[in-house]
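Please provide a briefing on the structure shown below, with attention to its charged side chains and its ligand.

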Amino acid sequence: MDKIYDVIILGAGPAGLAAGLYAGRSRLSVLIIEKGQDGGQIAVSEDIENYPGQFVEGETGASLIARMTEQAAKFGAERVSDTITEVSLDGEIKVLKGGKNEYRAKNVIIATGARPRPIDCKGEAEFAGRGVSYCATCDGNFFQDLDVYVVGGGDSAVEEALYLTKFAKKVTVIHRRNELRAAKSIQEKAFQNPKMDFMWDTVVEEIGGADLLSEMTVKNVKTGELTKITANEADGMFGLFGFVGTLPNSRMFEGILDMDERGYIKTDEDMHTNLPGVYAAGDIRVKSLRQVVTAVADGAIAAVQVERSMSDYY
Ligand code: NAP
């Protein structure tokens, strides 16, 4: 592709789409590149109750994102679906190589987000898709009237566990400590739900089964006691959902951009990375609160910084 865009935005989650909206409104030429579906992690969230102004009954992550996508397009942000595999970011013109094409821009906003962290137990990879899942919205209905276990104690674990009670016979949260990290309002709902149960101070050591997941060994981290859990004979299987935090999608930028020890990209408060013309926004960057509200704010700030860097007015 010969065109040199004012800005290319990598990733169409809340941060990338907000950046696209703001850059489009500033009449910059904008290309948003996304390899999968729009929305990133929020696209598979059933319930969003803390995005200001969003208290419409029935709103899901997917419906909120669909409107964000439409709004960015309305202001002229171009779109392409491609997977970028290589980047050259240190020159004045940044080059991004994808499976389908090569893209050029004067500025790049990286909004590639984060992905679920594995539970890290024996057998996990083997049983992915055969009882193990990381997306309640995608897979919840496969566990109709079955027992389901959810690992983690944060907002994601508890919210998704609550969602899974719509399908499952019982949902047991397995948490490594004896208190949840999730927001108190979410905890209250969970403790009141008769289908919810909790296994405290516990981690999953190993999972197994013949074809589908039907066995699990858990360990009490305080006593060291191991307990074997087997699926109800009539059910033949149970579900195990992992929500133990996230890992940044930043491998492509290793050795190019400054990162913390976990791989999150370092920026200043205006989203500048260590390279001129390269910005990072949303969950991919080092920050204290990863939410839709902070992601969209990052995207807006990054786009405004691009505009200012290209304008004589400021
Ligand atoms: P998180 O807040 O980092 O929580 C991860 C949970 O997994 C923690 O309870 C942690 O235990 C546990 N954990 C971590 N590593 C583990 C391991 N190896 N084995 C067992 N347990 C482990 O992650 P999250 O819930 O995915 O949320 C990510 C971000 O998105 C957060 O900022 C969260 O607030 C936000 N979020 C917000 C909403 C909402 O507001 N509606 C919904 C979803 C997510 P410890 O507590 O012991 O550390």
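**Salt bridges**

In this predicted model, Asp-6 and Lys-106 form a side-chain salt bridge with an N-to-O distance of 3.6 Å. Asp-6 belongs to strand S1 (residues 4-10) and Lys-106 to strand S6 (residues 102-110), so the pair ties together parts that are 100 residues apart in sequence.

- The structure holds 14 salt bridges, each defined as a side-chain nitrogen of Lys or Arg within 4 Å of a carboxyl oxygen of Asp or Glu.
- Strands are DSSP runs (E, at least two residues), numbered from the N terminus.

**Ligand surroundings**

- The ligand is surrounded by 16 residues (a heavy atom within 4 Å), and the closest are Asn-50, Asp-155, Ser-156, Arg-177 and Arg-181.
- Oxygen atoms of the ligand lie 2.9 Å from a polar side-chain atom of Ser-156 and 3.0 Å from a side-chain N or O atom of Arg-176.
- A backbone N or O atom of Arg-290 is 3.2 Å from a ligand oxygen.
- The protein buries 77% of the 910 Å² that the ligand exposes when taken alone (Shrake-Rupley method, 1.4 Å probe).

**Surface charge**

- Arg-117, Arg-176, Arg-181 and Arg-262 gather in a positively charged surface patch, made of residues with over 30% relative accessible area and no salt bridge, like charges being joined within 9 Å.
- Arg-262 sits in the loop between strand S16 (246-248) and strand S17 (278-280).

**Basis of the values**

- Residues are numbered from 1 along each chain as its sequence is written, and side-chain values use heavy atoms, without hydrogens and water.
- Local features need pLDDT of at least 70 and side-chain atom pairs count only at pLDDT 80 or more, whereas totals for chains, interfaces and linings use all residues.

Conventions:
Patches are made of residues with over 30% relative accessible area and no salt bridge: like charges are joined within 9 Å, nonpolar side chains (Val, Leu, Ile, Met, Phe, Trp, Tyr) within 5 Å. Lys and Arg count as positive and Asp and Glu as negative; His and the chain ends are not counted. The place of a charge is taken as NZ of Lys, CZ of Arg, CG of Asp or CD of Glu. Helices (H or I, at least four residues) and strands (E, at least two) are DSSP runs, numbered from the N terminus. A polar contact is a pair of N or O atoms within 3.5 Å; within protein, one must be able to donate a hydrogen and the other to accept it, and residues adjacent in sequence count only if both atoms are side-chain atoms.
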